[in-house]
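Please open the model in your viewer and keep the selection panel at hand. The tour goes from one selection to the next and says what is to be found at each.

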Amino acid sequence: MTTPAIALLDAHGAVIRWTRAAEDLLGHRTGDVLRRRGVDLLMPGDRAAQVSTWARGYAHQDHWSGLVEARHRDGRPLLLRLDAWRLDLRDGGTAWLLSATPAHAGQPEGQVLEPFFGPSRAALSLWDDDLRCVGRNETARRLRATLVPGRATGSLEEVVPAGALRQVLSDGSALVAKEFSRPSADEREGRTFSVSIFRLDGEDGRSPVVCSLVHDITHTTARRRLSLLLEAGVRIGATLDVSKTAQELADLAVPVLADYVTVDLAESVLPDDEPLRRLAASDTSIPVFRRAGKASSHPGRRESLWELGDAVFVPPLSPFVKVMSSRASYFEPALDASPGTWLDADPDRAEIIHSTGVHSLIIVPLLARGDILGIVVFVRTDDSEPFGMDDLMLAEGLAARAALSIDNARRYTREHTAALALQRHLLPRALCGGGTLEVAASYRPSDIHAGVGGDWYDVIPLPNGHLALVIGDVTGHGLSAAAMMGRLRTVVRTLAHLGLPPDEVLTHLDHVIAHMIEEESAADGSGPDVMAATCLYAVYDPASRHCTMASAGHPPPAIVDPAGEVTFPRLPTGTPIGLGLCSYRSRDLYLAEGSLIVLYTDGLIESRTDDLEAGMGRLGDILARTTRLAPDLCTAVLDALTGESFEDDVAVLIARTLG
């Protein structure tokens, strides 16, 4: 189960406490965010104004929730589900407790701020290092008031175990959704609570506090709904694949909610299949969906006319079409399959319903961001209990989660396909070092971003017989990063042919890109975007064997001399491209025949556990032991340093000086 990131904000919206999970999610250390405004952690643009306006309209509520686009410390956007609760502090003040979890794994498209408002059933409390309650929300006060008078469980403090509070306070490890049962005073049905506890760290020298979130899950229906929705948050949308997400929804709902579930999606969601409009239709049967998911309590039994991938036909006057047109769920607890109903126009489906014993039906639309993506059909056969209103609410909740994940997957797939095509055309397909350099390069996408990033490399023959070597890394991933990479590569090639030294190439490149970003931001009124790139530009003169290099915030090159000694010459520090600061200087190196020049992006040497120096040390060890030619060396370096799973895209460019 995903541990949410928790932050505590004061009444003015400034961060005053921060959890370890928040550090992991957004990349900011506690000391870096304390006293900063919470809105400063969102993506730039006019979103801060939107949030401010939105908060003024709902600040009087005890709870609000929604989607926000936050900004990671490295600049990439993160789409988050955000819940906020107002707490009344013991000293009379007010604070806001924020809980955030990733909304999906892929890149969001555009600026998203879509709040979904609803009541909060969480009882929240803050505890100091002496385990004294220093703040509660309204739900916690009400729960405590109901527990104390009747002594059903003694008090709210007994529901939140002191031992668990001390453990979390001591080691910082979160306790998530732990169930605790308490007997009632009359020893009849007791009460069951789901308790989560998190430690929030503050400024150096101040003791941490812990927060507890308590849900009363005594009743079976409530517990089932909570458990299933919690599981849905983990399982549905784990991959950015439309069909897998549809199947995850079906698998999750059987048999807990229904005996048989189908997920049918509109043609626009599955664009790679044969267009439905080309299929034959009749007055009583039209192709509207394509089956993307199904699950049954009876695997192998024929419970539908259509299998996965098949076009699904429905009668024009059926409840399926009604759901699509009304965008509202269809609920028939006792299914009427007698003559004279809509099934008269669909005898094949009627036969299946009679043969399998379908007696209760729910059809829920998959709605996301104003679009209807398809429908989910829930039926009961073996379970004699008809669907109730709680089942309908649960079905709609599952469908809402799945719809957002399916829409994210659809949007991601479109952007991913476009970005892949752009990247394939922009990266050089063949590198030529002439007779003076043996060159090879390799690009390896991270597991997270599946092939689309802003890393690039190039080898450019210059008119004077020199060769330019370039490597760069655009912040972010996806279509925008690939597009910016293409711009940078084009501008660099143009500047290179002017015969400018490396420091001047980077100066002009920084000026052009910064001016371009500024013009585009002014044209669409969005304000200045944050788009930067690191770059290392080198020019090799085969006649003198001198190589002149300049860096724009990029990791230093690795130089391997003919004897196998590896060095990382430090280049003069330069700011990343796109900031408009234009501060670069070159360094000249002599390279003996048979020397290696190894250029790379930071994904090769950087990890969560080690700093850049440690990564450079590992790279140096590999280079010192090799006698391979450049193409094989690229593969060996990538295999050794990226392993089976890595978090950032990696590009490597290797050149060997020839005689």
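Begin by selecting Pro-161, which sits in the loop between α5 (156–159) and α6 (162–171); helices (H or I, at least four residues) and strands (E, at least two) are DSSP runs, numbered from the N terminus. This is a predicted model, in which local features need pLDDT of at least 70, side-chain atom pairs count only at pLDDT 80 or more, and totals for chains, interfaces and linings use all residues. Residues are numbered from 1 along each chain as its sequence is written, and side-chain values use heavy atoms, with hydrogens and water left out.

Pro-161 has 16% relative accessibility and therefore counts as buried (under 20% relative accessible area, with a 1.4 Å probe and protein chains only).

Next, select Phe-320 and Trp-342, whose ring centres are 5.7 Å apart and whose planes stand at 90°, so the pair is edge-to-face (centres within 6.5 Å and planes over 60 degrees apart, taking the six-membered ring of Trp). Phe-320 belongs to helix α9 (residues 319–326), while Trp-342 lies in the loop between β14 (330–332) and α10 (347–356), 22 residues apart. Both Phe-320 and Trp-342 are buried.

Finally, display Arg-618, Leu-619, Ile-622 and Leu-623 of α14, which meet Leu-633, Val-637, Ala-640 and Leu-641 of α15 (contact means heavy atoms within 4.5 Å). By class, this contact of α14 with α15 has seven nonpolar, no polar and one charged residues, where Ala, Val, Leu, Ile, Met, Phe, Trp, Tyr, Cys and Pro count as nonpolar, Asp, Glu, Lys and Arg as charged, and the others, Gly among them, as polar.

Notes
Buried means under 20% relative accessible area, exposed over 50%, partly exposed in between (1.4 Å probe, protein chains only). Rings of Phe, Tyr and Trp (its six-membered ring) pair if their centres lie within 6.5 Å; planes under 30 degrees apart count as stacked, over 60 as edge-to-face and the rest as tilted.
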